[in-house]
Amino acid sequence: MMLTVKNLYCERDERVLFQNLDFSVAEGEVWQIQGSNGSGKTTLLRILCGLNDEFTGEIYWQGKEQSKTRQEFNHEVFYLGHAPAINKTLSPKENLSWFCASRGLRNNDQIKKVLNSFNLYGYEDLPCYLMSAGQQRRVSLARMLLSQAKLWIIDEPFTALDKQGVQELEALLSAHALAGGSIILTTHHSLQMDYSIRVVDLDAMAGLVAA
Amino acid sequence: MNIVKATLRRELLIAFRSPGDIINPLMFFVIAVSLFPLGVGADQEFLREIAAGVIWVTALLAVMLSMDSLFRSDYEDGSLEQLLLSPQPLYFIILAKVCSHWLVSGLPLVILAPVFASMLALPEQGLFPLVASLLIGTPILTLLGAVGMALTVGLSRSGLLLAVLILPLYVPVLVFGTGVVDSALNSLGTAGLLALLGAMLILAISLAPLAIIAALRISVS
């Protein structure tokens with residue numbers, strides 16, 4: 001088991017977002033977090049990757065408590081949130097080369113290749129503010145491939161992508177899972193992947209805080 | 001330390017591509033200092049008395065004004081989350097970030113100070129102590145300001161709150177900084193006060209990044 005969640009509980013504004021939440025993510029599994037707007041999908045993802053600590057319950061990373069294996073965890077988990085984490089005054093190449101350095105990777109020569117595979121050939125040195133929302137999203141997604149992480153935690157990755165981009169991303173997710181990686185994602189788009197997808201439904205867990 | 005080099009490079013590139021963030025605080029410094037002789041009169045004796053204080057106070061305010069650009073854009077575009085999830089030592093990433101911010105906001109003030117000091121009729125023996133005290137003092141101001149900024153970056157209008165939070169911490173730096181110049185003008189030794197400022201800088205370098213990391217974690221959660 002890569003990531004194990006036990007008895008997770010989180011509330012916000014007198015509302016229980018989820019309670020008694022248990023699940024385990026193993027190698028090669030794809031998990032989709034489902035729920036309506038405001039059901040706490042993003043909150044759950046941020047809790048899982050350690051950005052939010054307003055919860056009770058336990059999270060284990062490869063058998064060890066997550067908080068005690070922070071560095072290892074950060075090394076092997078990649079998180080992509082709603083915000084693209086792209087500085088608009090920098091070019092895709094500059095953004096990605098800092099990202100690689102921040103993960104301790106020295107794979108600058110791969111950046112160009114990965115950008116090409118995301119259809120960004122010829123845009124490597126253009127400041128990101130000159131690019132469309134979809135292209136910026138592609139730059140952001142390119143980090144997934146560069147990160148060399150085992151577990152991808154991605155929040156609404158399909159936003160702003162065109163049809164072809166959606167297909168390419170689905171293929172990319174399948175390939176990652178087939179290669180033994182794991183994925184936890186949220187999306188409102190209906191996934192067309194030939195891969196079994198496990199589901200956590202947050203709407204079923206919501207409730208009011210007991211007085 | 002590949003990450004330190006990469007962070008310095010990134011921050012300096014961003015700073016030079018949006019020069020407004022650098023130039024605004026610098027212009028504030030230039031304008032405020034040059035208005036003083038017009039406001040209080042060109043009496044050399046009087047200007048000499050207030051020169052060090054005026055330059056130090058305006059430098060302090062200019063540093064505070066520049067703080068906003070330190071974490072704001074990273075917070076808004078999500079880079080801060082990526083930074084906090086980095087497996088590399090955060091202490092050095094943050095230190096590199098603050099250091100590059102000082103290079104573009106604090107260092108220009110130190111370089112400009114002698115010009116304005118002579119405009120305010122500061123005697124020659126006060127010139128070196130002024131530059132030395134600013135050289136040691138402005139990095140302390142930047143580090144302390146970064147702690148306040150890290151705490152308030154999640155709020156949309158944090159200017160006033162930032163000032164209330166960090167001005168009390170700025171007071172000792174201001175007192176010792178102007179004290180260095182005063183001692184020099186009164187032909188007293190400046191080594192002791194400079195050493196005190198240096199000790200404060202070392203303390204700030206070793207502790208402020210830890211406080212900044214903790215504050216950023218609170219701000220993004």
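Helix H3 (92–102) and helix H5 (133–147) of chain A are among the elements that cover the buried residues of H4(A). The model described here is a predicted one.

**Helix H4 of chain A**

- Helix H4 spans residues 108–117 of chain A, and its buried residues are Ile111(A), Val114(A) and Leu115(A).
- These buried residues line one face of the helix, because they fall within an arc of 100° when H4(A) is seen down its axis.
- Asp109(A) and Lys113(A) are exposed and lie on the face of H4(A) that is turned away from the buried side.
- After H4(A) comes Asn119(A), which has a positive phi, near 60°.

**Strands E1 and E2 of chain A**

- Strand E1 (residues 3–12) and strand E2 (residues 15–25) of chain A are paired in the antiparallel sense, with seven bridges.
- Within this pairing, Val5(A) is placed opposite Phe23(A) of E2(A).
- The two strands E1(A) and E2(A) make up a hairpin, with two residues between them.
- Asp13(A) belongs to the turn of this hairpin and has a positive phi of about 50°.

**Strands E1 and E4 of chain A**

- E1(A) also pairs with strand E4 (residues 56–61) of chain A, in the antiparallel sense and over five bridges.
- Here Leu3(A) is found opposite Trp61(A) in E4(A).

Technical notes:
Residues are numbered from 1 along each chain as its sequence is written. Chains are lettered from A and ligands numbered from 1 in the order in which they are written. This is a predicted model: local features need pLDDT of at least 70, side-chain atom pairs count only at pLDDT 80 or more; totals for chains, interfaces and linings use all residues. Side-chain values use heavy atoms; hydrogens and water are left out. Buried means under 20% relative accessible area, exposed over 50%, partly exposed in between (1.4 Å probe, protein chains only). Helices (H or I, at least four residues) and strands (E, at least two) are DSSP runs, numbered from the N terminus. The arc is that of the directions from the helix axis to the C-beta atoms. Contact means heavy atoms within 4.5 Å. Two strands pair if DSSP finds at least two bridges between them.
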